[in-house]
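Dear colleague,

Please find below the structure that I am handing over to you, together with its sequence. My notes on what was found in it follow directly after.

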Amino acid sequence: AIGFPFTFYGTAYNNLVISTNGFISFDAAPGAGCCTGGVLPTAGAPDNLVAFAWEDMNTGSGGTIDYFNLTAPNRFVVRWNAVSRYGGGGTIDGQIILYADGTVEVHSINIGAEGSTTQGVENAGGTMATAVPGRNSAVWSAANDAYRFTPAAPSLLWDNASLLNDATLANPVASNVGGTTSFTVTATYQGCTAQSSVTLTVDPA
């Protein structure tokens with residue numbers, strides 16, 4: 001269990017699968033992703049993933065993987081500790097950190113340039129992804145660097161704007177409401193829209 005609902009590409013998850021091969025997935029059965037880091041995006045298992053160093057690794061030959069929660073802010077950490085590449089060729093160290101606000105960080109502590117390795121994020125259908133430049137099924141190395149993936153927020157617009165302090169906020173303050181009034185918010189993101197409404201009942205007593 002992650003320890004908090006984590007929203008990834010618009011869907012909230014409470015559980016994930018940790019792969020020895022340098023990625024996590026929010027799918028229940030993502031597969032091993034053997035035997036090299038794939039190109040993002042590509043439909044087909046594994047999908048719905050965060051890859052810190054998707055490559056063929058083997059804890060049976062050395063190294064460990066652990067995970068834990070931290071607070072202030074709430075986050076879930078998965079850590080690969082000197083995990084051996086399959087067939088030899090060095091070890092890999094790094095972390096994936098999930099924040100409760102939906103932010104993802106990948107920390108590369110020590111990754112050698114051996115074999116095609118992938119670093120990035122991909123949605124559940126394998127149709128959308130963001131890969132770190134130069135690290136999308138490529139040979140690369142990294143030491144003590146990190147990348148952050150921050151979810152883009154939709155634009156918001158409430159109706160009855162004259163009754164609100166700011167009609168573009170997620171939680172505006174209403175005033176001078178004379179009676180029972182419905183407020184509808186429209187969220188827009190990359191050409192998609194969604195609406196939701198709340199009703200404010202004023203008690204004159």
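The torsion about the S-S bond of Cys34 and Cys35 is about 65°, and the disulfide is therefore right-handed. Please keep in mind throughout that this is a predicted model. In general, a disulfide is a covalent bond between the sulfur atoms of two cysteines. Here the bond joins Cys34 to Cys35, with a distance from S to S of 1.6 Å. The structure holds one disulfide. Cys35 has a relative accessible area of 47% and is therefore partly exposed, since that class lies between the cut-offs of 20% and 50%. Another cysteine, Cys192, has a relative accessible area of 54% and so counts as exposed.

Gly3 is placed in the segment before strand S1, which covers residues 6-8. In sequence, Gly3 and Cys34 are 31 residues apart, and in space their C-alpha atoms are 28 Å apart. Gly3 has a relative accessibility of 63%, so this glycine is exposed.

I turn now to the protein as a whole. How many helices and strands does the protein have? There are zero helices and 16 strands. The C-alpha trace spans about 75 × 35 × 30 Å along its principal axes. The radius of gyration of the protein is 21 Å, whereas a compact globule of 205 residues would have a value near 17 Å. Of the 205 residues, 37% are buried.

The surface and the charges may be described briefly. The protein exposes about 10,300 Å², of which carbon and sulfur atoms supply 53%. There are 5 positive and 14 negative side chains, and the centres of these two sets lie 11 Å apart.

Next come some details of the backbone. As a general rule, most residues other than glycine have a negative phi, and most peptide bonds are trans.

The loop between strand S4 (23-25) and strand S5 (49-54) contains Pro41. A cis peptide bond joins Leu40 and Pro41, with omega at about -5°. Pro46 is also placed in the loop between S4 and S5. The bond between Ala45 and Pro46 is a cis peptide bond too, with omega at about 0°.

Ala72 is not a glycine, yet its phi is positive, at about 55°. This alanine sits in the loop that runs between strand S7 (64-70) and strand S8 (75-85). With a relative accessible area of 73%, Ala72 is exposed. Asn160, likewise not a glycine, has a positive phi of about 50°. Asn160 belongs to the loop between S14 and S15. Its relative accessible area is 32%, so Asn160 is partly exposed.

Is Thr168 exposed or partly exposed? With a relative accessible area of 46%, Thr168 is partly exposed. Thr168 and Trp158 are 10 residues apart along the chain, and their C-alpha atoms are separated by 6.6 Å. If its neighbours within four places in sequence are left aside, Thr168 is in contact with Leu156 and Leu157.

Thr180 lies in the loop between S14 and S15 too. Which residues does Thr180 contact, leaving aside its neighbours within four places in sequence? They are Thr199, Leu200, Thr201 and Val202. Thr180 counts as exposed, at 56% relative accessibility. Finally, Thr180 and Ala138 are 42 residues apart in sequence, while the distance between them in space is 59 Å, C-alpha to C-alpha.

Note on methods. Residues are numbered from 1 along each chain as its sequence is written. This is a predicted model: local features need pLDDT of at least 70, side-chain atom pairs count only at pLDDT 80 or more; totals for chains, interfaces and linings use all residues. Side-chain values use heavy atoms; hydrogens and water are left out. Helices (H or I, at least four residues) and strands (E, at least two) are DSSP runs, numbered from the N terminus. The radius of gyration is taken over C-alpha atoms; the globule rule is 2.2 Å times the number of residues to the power 0.38. Buried means under 20% relative accessible area, exposed over 50%, partly exposed in between (1.4 Å probe, protein chains only). Accessible areas come from the Shrake-Rupley method with a 1.4 Å probe; for residues, only the protein chains shown count as cover. Lys and Arg count as positive and Asp and Glu as negative; His and the chain ends are not counted. The place of a charge is taken as NZ of Lys, CZ of Arg, CG of Asp or CD of Glu. A disulfide is a pair of cysteine sulfur atoms within 2.5 Å. Contact means heavy atoms within 4.5 Å.
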